[in-house]
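Student: I am new to this one, and I would like to get to know it step by step. Could you show it to me?

Tutor: Gladly! Here it is.

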Amino acid sequence: MLERWSNGLFRSTLHRVILTGEERYSIAFFLDPNFDCLVECLPACCSLSNPPKYPPITSGHYLIERYKLSYKN
């Protein structure tokens, strides 16, 4: 979502785990806005020469689309 808000300025990093042979623990933490929160390009991240690259979408619908892409049959 940050990529949409920032008009592509900030992108998600790939999740990579390096196996070291040692036992390790990790805890994933995800924080998302409310389902109805509108995700659209922030005014500071667009201009006439750099218009928004993505249409506005609610946080919930964005996540649903991402899940569909991740778990295709």
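Student: Which residues does S59 touch, not counting residues up to four places away in sequence?

Tutor: Keep in mind that this is a predicted model. S59 has its place in helix α2. Leaving out residues up to four places away in sequence, the residues that S59 touches are M1, P33, N34, F35, C37 and V39.

Student: Does S59 count as buried or exposed?

Tutor: The cut-off for buried is under 20% relative accessible area. S59 has 1% relative accessibility, so S59 counts as buried.

Student: How many salt bridges does the structure hold?

Tutor: In general, side chains of opposite charge can pair when their charged atoms come close. Here R11 forms a salt bridge with E3, and E65 forms one with K68. The number of salt bridges in the structure is two.

Student: Which residues form a nonpolar patch on the surface?

Tutor: Start with F10, in the loop between α1 and β1. F10 is partly exposed, with a relative accessible area of 47%. Together the patch residues have about 340 Å² of accessible area, and they are L2, L9 and F10.

Student: How many disulfides does the structure hold?

Tutor: A disulfide needs two cysteine sulfur atoms within 2.5 Å. The count for this structure is zero.

Student: What is the nearest cysteine sulfur to C41, and how far away is it?

Tutor: C41 is buried, with a relative accessible area of 12%, whereas C46 counts as partly exposed at 27%. C41 is in no disulfide, and its nearest cysteine sulfur is that of C46, at 3.8 Å.

Student: What is the mean pLDDT of the chain?

Tutor: Where pLDDT is low, the predicted coordinates should not be read in detail. In this chain, 97% of the residues reach 70 or more, and the mean pLDDT is 89.

Conventions:
Residues numbered from 1 in each chain as written. Predicted model: local features only at pLDDT ≥ 70, side-chain atom pairs only at ≥ 80, totals over all residues. Heavy atoms only, no water. Salt bridge = Lys/Arg side-chain N within 4 Å of Asp/Glu carboxyl O. Patch = residues over 30% accessible without salt bridge, like charges linked within 9 Å, V, L, I, M, F, W, Y side chains within 5 Å. Areas by Shrake-Rupley, 256 points an atom, 1.4 Å probe, with all protein chains shown as cover. Helix = DSSP H or I, 4+ residues; strand = E, 2+ residues; numbered from the N terminus. Buried < 20%, exposed > 50% of the residue type's maximum accessible area, 1.4 Å probe, protein only. pLDDT = per-residue confidence, 0-100. Contact = heavy atoms within 4.5 Å.
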